[in-house]
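Trainee: I have a protein chain to study and some questions ready. Could we look at it together?

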Amino acid sequence: MKALVTGGAGFIGSHLVDSLVARGYSVHIVDNLSSGKGEYLNPSATFHELDISSRDAHRLIISEKPEYIFHLAAQADVSRSTACPLADMQSNLAGTINLLDACRYTPVKNFVFSSTSAVYGNAHSELIDESHPPSPISFYGLSKLTAEHYIKLYHDTFKIPYTILRYGNVYGPRQTSKGEGGVIAVFLEKLKKQEPLKINGDGLQTRDYIYVQDVVEANIAASLKEKHMTLQVSTGEKTSILQIIDLLKKYHKDEFHSFHASDRPGDIKHSCLDNTLSKQELGWKPDYSFAKGMKETYLSHSL
Ligand code: NAD
């Protein structure tokens with residue numbers, strides 16, 4: 001089976017490539033290394049250093065004819081999307097359209113898109129399901145939501161199969177403090193530098209943290225089921241910043257300090273994604289408890 005992974009040098013994409021290679025897939029990676037790292041590239045995969053919005057990326061899909069496209073490449077840094085909405089749009093929207101357009105000329109069994117809970121903006125419920133109205137408050141969220149609409153319209157117009165996966169806050173080895181959902185990576189980088197950990201507000205704010213291998217398994221399960229659906233990849237559980245700090249205290253041999261700073265303006269207090277539908281439709285479930293995922297992540301930082 002042949003798969004093309006965009007963003008395969010990045011945090012989530014590189015783990016996905018490793019799992020596909022281990023399962024015997026022939027894997028092609030398209031990545032421009034803007035935030036990805038050469039050292040994460042799986043040597044058994046074929047690497048194409050290309051921008052997803054380029055003609056070469058378009059041509060590559062037509063010539064390689066991948067059965068599965070996992071589209072993860074994105075400008076995933078919310079603050080960069082605010083600083084430069086045009087560049088964000090070029091990667092996240094024009095890039096996605098370019099890939100979809102190439103799929104018109106080659107049979108693809110599924111186009112699996114990495115989307116985000118950022119499409120919801122300030123949600124009006126603490127447990128969000130897929131029917132919650134999207135209302136992004138960042139250009140990043142808006143670019144992802146608009147890309148979702150293009151994917152659906154490409155399906156309706158050109159019959160290109162797809163599954164859209166909206167992730168909670170993904171964490172795990174190889175994550176850096178840049179990009180989406182990086183509080184765990186931020187804390188681990190601070191510990192490495194022996195600096196105190198800054199907690200915004202009271203630390204009781206919660207997010208739905210999902211371990212990267214669970215996201216990988218959801219992608220592979222989604223690729224094999226042509227669903228034409230939008231599904232959430234999450235744990236459905238709330239974890240607070242203080243709970244993260246408590247776990248780090250358990251794992252870290254040296255004492256470290258944390259301090260409270262003011263709330264970040266605009267930060268939502270709680271965010272949790274219901275995963276009932278994805279469990280039902282994909283036959284998938286998260287396997288990693290937060291404690292297990294955190295331990296793996298902590299150990300990977302060799303602190
Ligand atoms: P990442 O920055 O580690 O990976 C993105 C990869 O895409 C990088 O390797 C980068 O070099 C590449 N890339 C960026 N723009 C490109 C372009 N124009 N052409 C080719 N390659 C390009 O980010 P990640 O955390 O691994 O995120 C992967 C996907 O998951 C993204 O689509 C992101 O929006 C989505 N997502 C991530 C999270 C999270 O918590 N990390 C949450 C929700 C959704």
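Trainee: Which residue in β7 does T116 stand opposite?

Mentor: First, this is a predicted model, where local features need pLDDT of at least 70, side-chain atom pairs count only at pLDDT 80 or more, and totals for chains, interfaces and linings use all residues. Residues are numbered from 1 along each chain as its sequence is written, and side-chain values use heavy atoms, with hydrogens and water left out. Strands (E, at least two residues) and helices (H or I, at least four) are DSSP runs, numbered from the N terminus. In β7, the residue opposite T116 is Y167.

Trainee: How many bridges join β5 to β7?

Mentor: Strand β5 covers residues 110-116, and strand β7 covers residues 162-167. They run parallel. Two strands pair if DSSP finds at least two bridges between them. Here the number of bridges is 6.

Trainee: Which residue of β12 is the bridge partner of Y167?

Mentor: β7 and β12 also run parallel, joined by 4 bridges. The partner of Y167 in β12 is V233.

Trainee: Are the residues T230, L231, Q232 and V233 of β12 buried or exposed?

Mentor: T230 and Q232 point one way from β12, while L231 and V233 point the other way. Buried means under 20% relative accessible area, exposed over 50%, and partly exposed in between, using a 1.4 Å probe and protein chains only. All four are buried.

Trainee: Where is G7 placed?

Mentor: G7 counts as buried, because its relative accessibility is 10%. G7 touches G13, S14, V30, D31, L72 and A73, leaving out residues up to four places away in sequence. Contact means heavy atoms within 4.5 Å. Its place is in the loop between β1 (2-6) and α1 (11-22).

Trainee: What distance separates the C-alpha atoms of G7 and A74?

Mentor: Along the chain, G7 and A74 are 67 residues apart. Their C-alpha atoms are separated by 7.1 Å.

Trainee: Now the whole chain. How many helices and strands does the protein have?

Mentor: Of its 303 residues, 53% are buried. Its C-alpha trace spans about 55 × 40 × 40 Å along the principal axes. The count is 10 helices and 15 strands.
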